[in-house]
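I opened this notebook to record what I looked up in the structure, entry by entry.

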Amino acid sequence: MSSKVVMDTLQASHARQYCKFVPEKVRKDFPILKSTIKGKPLVFLDTAASAQKPARVIEAVRHCYEEEYSNIHRGVYYLSQRATENFEYARERVRAFIRAKKSSEIVFVRGATEAINLVAQTYGREQLERGDEVVLSQLEHHSNIVPWQLLRDQIGIVIKVAPINAAGELELDEFSDALGPRTKLVSITHMSNALGTITPVTEVIAMARARGIKVLVDGCQAVPHLPVDVQDLDCDFYVFSGHKLYGPSGIGVLYGKQEHLNMMPPYQGGGEMITSVSFDQTKFAAPPHKFEAGTPNISGAIGLGAAIDYVSQFDFRRINDHEQDLLDYATKSLSDTRGIRLVGTAADKGAILSFCLDDIHPHDVGTIVDNEGVSVRAGHHCAQPTMDRFGLSATVRASFGMYNTRDDVDALISGIHRTLEVFDT
Amino acid sequence: MSDGLRELYQEVILDHSRRPRNFGEPKDCTRCAHGDNPLCGDEITIYVKVEKGVVERVYFEGRGCAISIASASLMTEVMTGMKVDNARALFSRFHHLVTREAGSDNDWQELEKLAVLSGVREFPVRVKCATLAWHTLNAALGEQSQTVTTE
């Protein structure tokens, strides 16, 4: 099922009243977009690396510290109760956002990186044995490669990689071939950060499930752009970072099915994750607290809750339509450029545009367009194996968020023309 | 175009990036070192022929942006024929000069053709591009066997 069909089905079954999505109005909610870079209005096209924050999120973090801050799950005093309620309300907001069954399936972590490391070091270490296979795709971010390599070096698992085609799409036949009798886990991105490819996770999960294989989905890039229903997907784990969803940095989410979280050993030991401690033995708290040792990122979680409130006021279909329009407009505008090579041309693609210019290195493009006020990413996007597939060391990447407009695309195009002028091609 | 940008992408730099001098692997090198910039994936290998304490030849191979390729190319030209001790001293001065604030010295005249790289000062994130080849050559001259990085 394509992401568009999923979206229509989801939205139909959760009909509700939304605020009208008007990009020009949305822009005003993001204070940083009023600023200038080198005397030119900021054109921010690096949302895939980290999104800017709406005033509602900034205000929620300020409110937390100025008016309702204390440590949580400890004090009997009023302020601690309030802070605890706000923190747990944020957990509930996350649960509803990804449509998990229970809020105890939502573990707060530092980000998707920590979430994947947590699964590798708890579920992976406990359930996988020497020679067992973990299947990744060629689209993975380093954060979904390195944790499995660490586990490989520790217990001798085998990492297998499902390839992508020249358009940057996962080939389901080849993915199927990568699954073998020793495959225990598939860990795959929902949307590629380097190319924008949206992967067919529904089919991937169905294929894995038919063979009794567990699935972790890296939803970092997907959650800001697509509605996600973890029960409908029927994945075992789903991870994402708050800062890419217009929330604060340093907070992220691990969703795990209750049955897995119950049997997984703790990741770190400390306060908060226990019910009792003596020098002889410790009894661990139930999930999610078992995985939240130490004082958590309280204001971060609250800010993430506010970010979810912010995006949820709109119909996700409208956000996605707008971002798709920007992607189509940018793709069309760039296609006429001399020496352009688009990298990643999947049929199902999110609002990310990766490209190269003949004989001009992406870093030089990045510096010159920055001089025009346009922030783009130039590099390997923490996805070197994906770059290798295309024989490249780097690309320029423009990524769009809900606050971008066609004017931003025009500024990018003008910056690229300036680059061609400088290099006199 | 801003003055800073014009300064950074001077004709000499563009020329060296398009037609890098001393590019390739020579047969008779006596030392070599590999360098990379993990931030951007740029890579370079420097080959040196040293005889009797003199840098007879410097070659390089690699991939990178206009600034890093031009800097490497210019470096191979100025280093050729230099005594090893002087070459290493020049590395320190070059590094100092691309990171120091503009106008705080007049050493550029002495460094002659390297002066075209002074525009990098205005773009701190690009200093690593300009210095990658230099760090790598320094490692080759010091006979360090490990890969050098700009991090």
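Entry 1, terms and confidence. For the sheet below I count two strands as paired if DSSP finds at least two bridges between them. The model is predicted. I noted that the predictor gives the complex an ipTM of 0.87 and a pTM of 0.92.

Entry 2, the sheet of chain A. I asked in what order the strands of the open sheet in chain A stand. I read the order as E4-E10-E9-E8-E7-E5-E6, which makes 7 strands with mixed pairing. I then looked at the edges and found strand E4 (106-109) and strand E6 (158-162) of chain A there. Each of these two has a single partner strand, so one side of each lacks a neighbour in the sheet.

I followed the chain A pairs from E5(A) onwards. E5(A) and E7(A) pair in the parallel sense over 3 bridges, and Glu133(A) has Thr183(A) in E7(A) as its bridge partner. E7(A) is joined to E8(A) by 5 bridges, again in parallel, with Ile188(A) opposite Val217(A) of E8(A). Strand E8 (residues 214-218) of chain A runs parallel to strand E9 (residues 237-241) of chain A, and 3 bridges join them.

I asked how many residues of E7(A) are buried. I found 6 of the 7 buried, so E7(A) is largely enclosed by the rest of the structure. Helix H6 (residues 146-155) of chain A lies across strand E5 (133-137), E6, strand E7 (183-189) and E8 of chain A. I noted its direction as about 150° to E6(A).

I located Ala383(A) in the loop between strand E16 (377-379) and helix H14 (384-389) of chain A. I asked why Ala383(A) counts as buried. Its relative accessible area is 0%, and buried means under 20%. Leaving out residues up to four places away in sequence, I found that Ala383(A) touches Glu140(A), His142(A), Asn193(A) and Ala194(A). I also checked Ala206(A), 177 residues from Ala383(A) along the chain; their C-alpha atoms are separated by 26 Å.

Entry 6, chain B overall. I counted 6 helices and 4 strands in chain B, running α-α-β-β-β-α-α-α-α-β from the N terminus on. Of its 151 residues, 48% count as buried. Among contacts in chain B with a separation of 6 or more, 60% come from residues 24 or more positions apart. Its mean pLDDT is 86, and 87% of its residues reach 70 or more. Among its elements, helix H3 (residues 66-79) has the highest mean pLDDT (95) and helix H5 (residues 108-111) the lowest (62).

I compared the length of helix H4 (residues 84-99) of chain B with expectation: at 1.5 Å a residue, its 16 residues should span 22 Å, and its end C-alpha atoms are 23 Å apart, which agrees. I then listed the buried residues of H4(B): Val84(B), Ala87(B), Leu90(B), Phe91(B), Phe94(B), Leu97(B) and Val98(B). Seen down the axis of H4(B), these buried residues fall within an arc of 140°, so they line one face of the helix. I set beside this that an α-helix has 3.6 residues a turn, so residues three or four places apart point the same way.

Notes:
Residues numbered from 1 in each chain as written. Chains lettered and ligands numbered in written order. Predicted model: local features only at pLDDT ≥ 70, side-chain atom pairs only at ≥ 80, totals over all residues. Heavy atoms only, no water. Expected span 1.5 Å × (residues − 1). Buried < 20%, exposed > 50% of the residue type's maximum accessible area, 1.4 Å probe, protein only. Arc of directions from axis to C-beta. Contact = heavy atoms within 4.5 Å. Axes fitted to C-alpha atoms, helices over the stretch in contact; angles between N-to-C directions. pLDDT = per-residue confidence, 0-100.
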